[in-house]
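Morning, everyone. Please have the sequence and the model open while I talk.

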Amino acid sequence: MATIPVWFKLLYTLGVLVIVAIYWVRHSPVNFLWFSDIALIGAVPAMWLDNAFLASTLNVAVLIPELLWNVDYAGRLILRRRITGLTEYMFDPKLPLWLRTLSLFHVPLPFVLLWMVYAYGYVDSGLPGAIVLALVVLPLSYAIGPREKNINWVLGPARIQTRFHPLLYLALLTLGFVAVIFVPTHFLLTALFA
């Protein structure tokens, strides 16, 4: 069975502590409702506990969006084209470069998450775990997230939507996460690692 070495766990944990400390001051704790931040932080206990359930849940919840983030970022850097819009803030000159640099955690995150399921295995409870996570995080993002941050797109894709009642949109978004992100990721991980 594969394992994640202690030196990597230490290095990863230290990196997460630095990012959390800076984001806490710069963005406030509400920023940690982003699924990406939850996965970044949640990988720490998953690694130290060698926990297949946590690793599986985090993969199901964020693997596809994280890969899309990387595709969008590479597209902007290499092709100078916007692909998904997930990385718009990385090219916003109003944000300090050092702060944008911290967001580069998105680059290795999907590979770290995949490494964890390679090391600990993928368990089927990752899908219900991700669904429960969404059922907690999305309403919280809606209730306490600042409108200008639109955390996890609970107010609309990229900008605030007005087509649907906000709570109907939130319900549709939750179903969308499950159907478009969680279920396909679950089947992919099951095929690769179960």
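**Confidence, packing and selected residues**

Let's start with confidence by element: helix α4, residues 97–102, has the lowest mean pLDDT among the elements of the chain, at 93. Helix α2, residues 35–48, has the highest, at 98. This is a predicted model, remember. Across the chain, pLDDT averages 94. Of the residues, 99% score at least 70.

Now packing. Take α6 and α7. Helix α6 covers residues 126–144, and helix α7 covers residues 166–193. Their axes are 10 Å apart. The angle between them is about 155 degrees. How are α6 and α7 oriented to each other, roughly parallel or roughly antiparallel? An angle over 145 degrees counts as roughly antiparallel, and therefore that is the label for this pair. The crossing of α6 past α7 is right-handed.

Who makes the contact? On the α6 side, we have Leu127, Ala130, Ile131, Ala134, Leu135, Leu138, Pro139 and Tyr142. On the α7 side, the list is Pro166, Leu167, Leu170, Leu173, Thr174, Phe177, Val178, Phe182, Val183 and His186. Sort the residues of this α6 and α7 contact by class, and you get 16 nonpolar and 2 polar. No charged residues take part.

Helix α1 runs over residues 6–27. Here the angle is about 145 degrees, and the axes are 10 Å apart. Which hand does the crossing of α1 and α2 have, left or right? It is left-handed. From α1, the contact uses Val6, Phe8, Lys9, Leu10, Tyr12, Thr13, Val16, Ile19, Val20 and Tyr23. From α2 come Asp37, Ala39, Leu40, Ile41, Ala43, Val44, Met47 and Trp48. By class, the contact of α1 with α2 has 15 nonpolar residues, 1 polar and 2 charged.

On to single residues. I'll begin with those in helices.

Find Leu99. It sits in helix α4, the element with the lowest mean pLDDT. Is Leu99 buried or exposed? Its relative accessible area is 5%, so it is buried. Setting aside neighbours within four places in sequence, Leu99 touches Ile22, Tyr23, Arg26 and His27. Tyr23 has come up already, in the contact of α1 with α2. For a distance, take Leu99 and Ile78. They are 21 residues apart along the chain, and their C-alpha atoms are separated by 21 Å.

Next, Leu133, in helix α6. Its relative accessible area is 18%. The cut-off for buried is under 20%, so Leu133 counts as buried. Which residues does Leu133 contact, leaving aside its neighbours within four places in sequence? Phe35, Ile38 and Ala61. Leu133 and Gly156 are 23 residues apart in sequence. From C-alpha to C-alpha, Leu133 and Gly156 are 19 Å apart in space.

Now the loops. His106 is in the loop between α4 and α5, where α5 is 109–120. At 6% relative accessible area, His106 is buried. Beyond its neighbours within four places in sequence, His106 has contacts with Ser36, Glu66, Trp69, Asn70 and Tyr89.

Val123 is in the loop between α5 and α6. Its relative accessibility is 27%, so Val123 counts as partly exposed. Again leaving out neighbours within four places in sequence, Val123 meets Ala52, Phe53 and Ser56. Val123 and Val44 are 79 residues apart along the chain. Their C-alpha atoms are separated by 18 Å.

Last stop: backbone angles. Most residues other than glycine have a negative phi. Now look at Asn152 and Trp153. Both are in the loop between α6 and α7. What is the phi of Asn152? Positive, about 60 degrees, although Asn152 is not a glycine. Trp153 also has a positive phi of about 60 degrees, and is not a glycine either. How accessible are they? Asn152 is buried, with a relative accessible area of 2%. Trp153, at 26% relative accessibility, counts as partly exposed.

Key: Residues numbered from 1 in each chain as written. Predicted model: local features only at pLDDT ≥ 70, side-chain atom pairs only at ≥ 80, totals over all residues. Heavy atoms only, no water. pLDDT = per-residue confidence, 0-100. Helix = DSSP H or I, 4+ residues; strand = E, 2+ residues; numbered from the N terminus. Axes fitted to C-alpha atoms, helices over the stretch in contact; angles between N-to-C directions. Parallel < 35°, antiparallel > 145°, perpendicular 65-115°, else oblique. Left-handed = near helix turned anticlockwise from the far one by under 90°. Contact = heavy atoms within 4.5 Å. Nonpolar A, V, L, I, M, F, W, Y, C, P; charged D, E, K, R; others polar. Buried < 20%, exposed > 50% of the residue type's maximum accessible area, 1.4 Å probe, protein only.
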